[in-house]
Amino acid sequence: MFTLIIGGSASGKSVYAESLFSPGQHNFYIATMEPFDAECRERITKHQAQRAGRGFETIERYRDLAGLDLPQRGDVLLEDMGNLTANELYSPQGAGDRAVQAILAGVDSLLGQCQNLVVVSNEVFLGGKDYEGDTLRYLEVLAEINRGLAARADCAVEMAAGLPIFHKGGPEL
Amino acid sequence: MIFITGPLFAGKKEYARSLGYEDADIVSDAQERVKAQEDLTALADRLAQKPVVICTEVGGGIVPIDREERRFREQAGRLSVLLAQRAQTVVRVWCGLPQVLKGELPCR
């Protein structure tokens with residue numbers, strides 16, 4: 001079962017994603033945010049506290065999802081695709097122009113290694129396209145990844161005000 | 001007329017093509033046409049004669065500081081409302097997934 005969750009800032013995507021996991025299973029949390037500065041570390045600490053007690057083992061993976069071997073079969077929460085995409089596009093060790101293929105291959109690899117996969121991605125496509133520099137390229141790449149994920153997903157959810165809107169599949173799945 | 005809306009790069013035009021429409025049947029990025037300063041009702045009436053009209057949702061994010069950009073977003077939003085009122089069918093495409101907001105899809 002593959003669930004894709006997409007929402008804007010503070011739309012409740014993480015809390016909803018975590019609610020899909022039960023403690024007592026082998027739950028893996030794939031963290032994608034590199035702790036570059038104090039704000040990143042603060043955000044990471046907040047998310048760690050939020051998921052404490054849910055039995056997640058955290059795996060930090062900033063790039064090359066396809067090269068990741070899970071320690072054992074279990075359920076996986078990957079958060080979030082906006083970060084992973086930026087890492088692949090802009091980090092010197094990233095996949096660069098092949099970011100879309102690299103990430104979708106990584107997700108396919110994960111799907112083969114776990115029971116349930118939940119991927120959290122970002123809604124950043126409602127503010128027009130008058131952006132400086134490379135932002136539009138980032139949006140285009142993330143959108144292609146989101147569409148690829150939605151095509152693969154059993155359940156695709158848009159978050160609004162903490163509530164799920166089901167575009168594909170439903171809560172019963 | 002089928003009106004298709006949705007976020008940027010969501011796969012709106014690909015969806016219109018998947019319904020069997022040729023590019024000549026499709027007006028895409030219709031929201032850009034509000035920049036011509038035409039009366040919005042007249043513009044919507046004219047666009048409603050086309051088989052498929054597509055607008056990208058642009059009203060999210062921060063309200064721009066620039067007056068012209070602000071005006072564009074507002075006019076684009078109003079145009080979408082006018083087009084949806086005139087359309088037999090309204091579809092919002094999100095991540096390549098269509099959701100019918102009004103009417104029914106034509107059998108083609």
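Of the 173 residues that make up chain A, 39% count as buried. The model is predicted, with an ipTM of 0.78 and a pTM of 0.87.

Chain A contains 5 helices and 7 strands. Read from the N terminus, its elements follow the order β-α-β-α-β-β-α-α-β-α-β-β. The radius of gyration of chain A is 15 Å, close to the 16 Å given by the globule rule for 173 residues, so chain A is as compact as a globular protein of that length. The C-alpha trace of chain A spans about 45 × 35 × 30 Å along its principal axes. Among the contacts in chain A with a separation of 6 or more, 76% are accounted for by residues 24 or more positions apart.

For chain B, the mean pLDDT is 94, and 98% of the residues score at least 70. Among the elements of chain B, the lowest mean pLDDT, 93, belongs to helix 3 (residues 67-86). The highest, 98, is that of strand 2 (residues 26-27) of chain B.

Strand 4 (residues 89-94) of chain B is mostly covered, with 5 of its 6 residues buried. This strand pairs with two others in chain B. With strand 1 (residues 2-6) of chain B, strand 4 of chain B pairs in the parallel sense over 4 bridges. Within this pairing, T89(B) in strand 4 of chain B is the bridge partner of I2(B). Strand 5 (residues 97-102) of chain B runs antiparallel to strand 4 of chain B and is joined to it by 5 bridges. Here R92(B) has Q99(B), in strand 5 of chain B, as its bridge partner. Strands 4 and 5 of chain B form a hairpin with 2 residues between them. In the turn of this hairpin, C95(B) has a positive phi of about 50°.

The contact between the two chains takes 18 residues from chain A and 17 residues from chain B. On the side of chain A that touches chain B, at least two residues each are supplied by helix 5 (135-152), strand 6 (155-160) and strand 7 (163-168) of chain A. Helix 5 of chain A gives the most to this side, with 7 residues. By class, the side of chain A that touches chain B comprises 8 nonpolar, 4 polar and 6 charged residues.

Methods: Residues numbered from 1 in each chain as written. Chains lettered and ligands numbered in written order. Predicted model: local features only at pLDDT ≥ 70, side-chain atom pairs only at ≥ 80, totals over all residues. Contact = placed C-beta atoms within 7 Å. Nonpolar A, V, L, I, M, F, W, Y, C, P; charged D, E, K, R; others polar. pLDDT = per-residue confidence, 0-100. Buried ≥ 20, exposed ≤ 12 C-beta atoms within 10 Å, placed from the backbone. Pairing = 2+ DSSP bridges. Rg over C-alpha atoms; globule rule 2.2 N^0.38 Å.
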